[in-house]
Amino acid sequence: MRLLERDHTGDFRLTKRLPNDKIPEIPPYAILSHTWGEEEVLFEDLADGTAKNKSGYAKIQFCGAQAERDGLRFFWVDTCCIDKSDKADKAELQHALNSMFDWYRRAAKCYVYLADVSTYQEITDNHDWKLVVRRSGCVTRRWVLQKLNIPAIANLFSKGWKQAFRQSRWFTRGWTLQELIAPTIIEFFSKEGFRLGDKKSLEKEIHDITGIPQRALQGSPLSDFSVTERMKWIEKRNTKYEEDKVYSLFGIFDVHMPILYGEGKEKAFDRLQEKINKNSHRLIKLWPADPRDPRDEKKRIELAKGGLLADAYRWVFDNPDFNRWRQLAESRLLWIKGDPGKGKTMLLCGIINELERPIAINGGNLAYFFCQATDPRINNGTSVLRGLIYLLVQQQPRLLSRLPENTYPSDDAMVWIVLSKTLGEMLEDPNLKVTYLVIDALDECIKDQQKLLRLIVQISSISARVKLVVSSRNLVQIEEQLAIVAQQSRLSLELNAESVAAAVEVFIHYKVLCLSRLKQYDSIMENFIQEYLSSNANGTFLWVALVCQALADPKVRKWHTLTKLRTFPPGLDDLYARMMIQIDESEDTDLCKEILAVTTIVRRPINLPELTTFVEMRGDVSDLEELIGLCGSFLMIREQTIYFVHQSAKEFLQGNAAHQASREAFGWVFPLGMDNVNHIIFSRSLIAMSAVLRRDMYGLQALGFPINEIQTPSPDPLAAVRYSCVFWVDYLRDSISKKDMLQRNILDTIQIFLEKNYLYWLETLSLLRAMPEGVIAITQLNGLLPADKTCF
């Protein structure tokens, strides 16, 4: 790019293309945003000395003078810093239009010059204006402009310019869209050069005028907004050339394309859409099926936990261990560790929220991932890599070139090699600024945990531009690996018990306030609940959340609240044990037992229709919801899907907790052992699939129908058997020991199913995009069946 350089005399000249031998790096510069008028100063005008004869020269003078006031020697103006003449190299214009968004983003300051907004209005008949004149004597135009920085006088003009501001032509032009979005600091000026405000102070007005979400104006990554939403931002804007309405979107979608004036808007849009779709398809290929956007997972977690309470996490920003990691370049790894229920996940959500905007403003990147042991889609190392790569590419689409062209290998070991290499190459990209990686719940990364820990150590040790935050429980195997990193910070929640306890107090106050509004408590009741929770929480957010959830149950009448409250013992395991007693005393204890057994053993969270396949009961889905409500201290429902309230709840039912009550709970939920529940899931899966599967489940009526064009019908005929179709062979395998042979009746059942439904099952796996899992299932099945009963 070329810049204008201002000298000590106030004159300015064009530099040669930068960077060059004299100026090896592009220096800090200001940039002008404006709408073109009739007499703009062009590149050739500066070259032949005729620039000062044009009225547009005043804008360039304004930009240079304002840049000097802001301590900037260089500035850029589109009219004269790009050679658009017939003799010019056409590649220069191509490069400039494709680089425009980046140039505005990298500018130290952007000045928006509004030629149709005046702060010097013809208001001499205004009463307030006459008052100023009487008090100040002779008032000239120069005096007005000098005094407009005095708030009392400037207020006299605000009504006039604000109306003109809303109607400014600048908000209707296509190219000014990216000039509004890209820069970090934008200041708006009237045609007299009076500063009207900046993007932050005028944020609401700009949002009202443009309809652009305030988060986008604040610097949130554009990838947070859908393609459709971003397309709407340009709809009411106009350009001189119809193709420019498309070309001005290059930066908004971070794409680079040839400029072909004369192709027309429609063809230009088709090319843009094709480029966007190609990028999206390449990203989707990261996952073999069911893409998991970490941003959606973060929102789901916050919703499941009742929302993110800012005052409950802000203590960490005053913590010396956190600030050592944040401020010292050599401190690249922060490990936040603590016992279950101490609020690690929500703390990381808060850290992400607080870091997101300043990182984006400084041109950095932030990628994160939340592991969850109960969900095989997000409880392994390859999923962590996929999530981090996905968010990095969303923020820096040029990194798409680092992704493999072809599909990823089906072999897990090879997938890890490919993805870890890809992430490493992205983090070593010379154009990538400081990048923050956040990984929550390393202890819930069940598969490839050691590989992931070694990769974290490797990145922390060799990459100076990467900072990591990880969290986990206090586990020896994690500590041993992370101890290898020389420069690291550790933030122990147990060692910061006072800060955590204060945060829990904030959480208690909020939860009691919500309860009080729901149940109409008086102040005495409210204070008693708050004191009881404070005395027994032991710095554990989860304990408070579970107790308040139980008190919020409509069946707990207000006058029973104190009696109910006293039944909750301190400590998570003791609380879980108490909840088990309550479930055992209910009339639906057997059904609750079935539900808890199934949800404890499933390989991913299942939804309500899928649960109906495994639980024998009369009634519909709403009855199941009520039963899950009885298990509310262990389970919750979000968007029809059943989750454990916390990993510690599942571990308690599995008998893995240290408390004796955990082992008793396992015996209660699995009285005949886990093998029996595995057999029940297997057999009921076969029964359900035999009843549902048929040819052409979705009525496509065509062979070779493109999978990307298939739309799930409503209602979905596969809703109740989706889980069964993918996992039934796993439960067959787990229901028998290695020494056992399959019983004759089971063999006959499998044979009948395969003879009647084998092709239907394969078709269903294809519709579910689960063919890789199907191939594994068939291989396992062939290994389990006698030679004369194989699938082929």
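Visitor: Which residues of H2 are buried?

Guide: Start with two terms. Buried means under 20% relative accessible area, exposed means over 50%, and partly exposed lies in between (1.4 Å probe, protein chains only). Helices (H or I, at least four residues) and strands (E, at least two) are DSSP runs, numbered from the N terminus. In H2, the buried residues are Tyr57, Lys59, Ile60, Phe62, Cys63, Gly64, Ala65, Gln66 and Ala67.

Visitor: What kind of model is this, and how are its residues numbered?

Guide: This is a predicted model, where local features need pLDDT of at least 70, side-chain atom pairs count only at pLDDT 80 or more, and totals for chains, interfaces and linings use all residues. Residues are numbered from 1 along each chain as its sequence is written, and side-chain values use heavy atoms, with hydrogens and water left out.

Visitor: What span should helix H2 have?

Guide: The expected span of a helix is 1.5 Å times one less than its number of residues. Helix H2 covers residues 57-69, so its 13 residues should span 18 Å. Its end C-alpha atoms are 19 Å apart, which agrees.

Visitor: What follows H2?

Guide: Gly71 follows H2, and its phi is positive, near 75°.

Visitor: Do E8 and E12 run parallel or antiparallel?

Guide: Two strands pair if DSSP finds at least two bridges between them. Strand E8 (residues 333-337) and E12 run parallel, joined by five bridges. E12 itself spans residues 488-492 and is mostly covered, with four of its five residues buried.

Visitor: How many salt bridges are there?

Guide: A salt bridge is a side-chain nitrogen of Lys or Arg within 4 Å of a carboxyl oxygen of Asp or Glu. By this rule the count is 38.

Visitor: Where do Arg17 and Glu92 sit?

Guide: Their side chains meet in a salt bridge, 2.8 Å from N to O. This pair links distant parts of the chain, 75 residues apart. Arg17 is in the loop between strand E2 (12-14) and strand E3 (29-33), while Glu92 is in helix H4 (residues 90-106). Arg17 counts as partly exposed because its relative accessibility is 42%. Glu92 has a relative accessible area of 10%, so it is buried.

Visitor: Are Asp293 and Arg295 buried or exposed?

Guide: Both are buried. They form a salt bridge, with the closest N and O atoms 2.8 Å apart.
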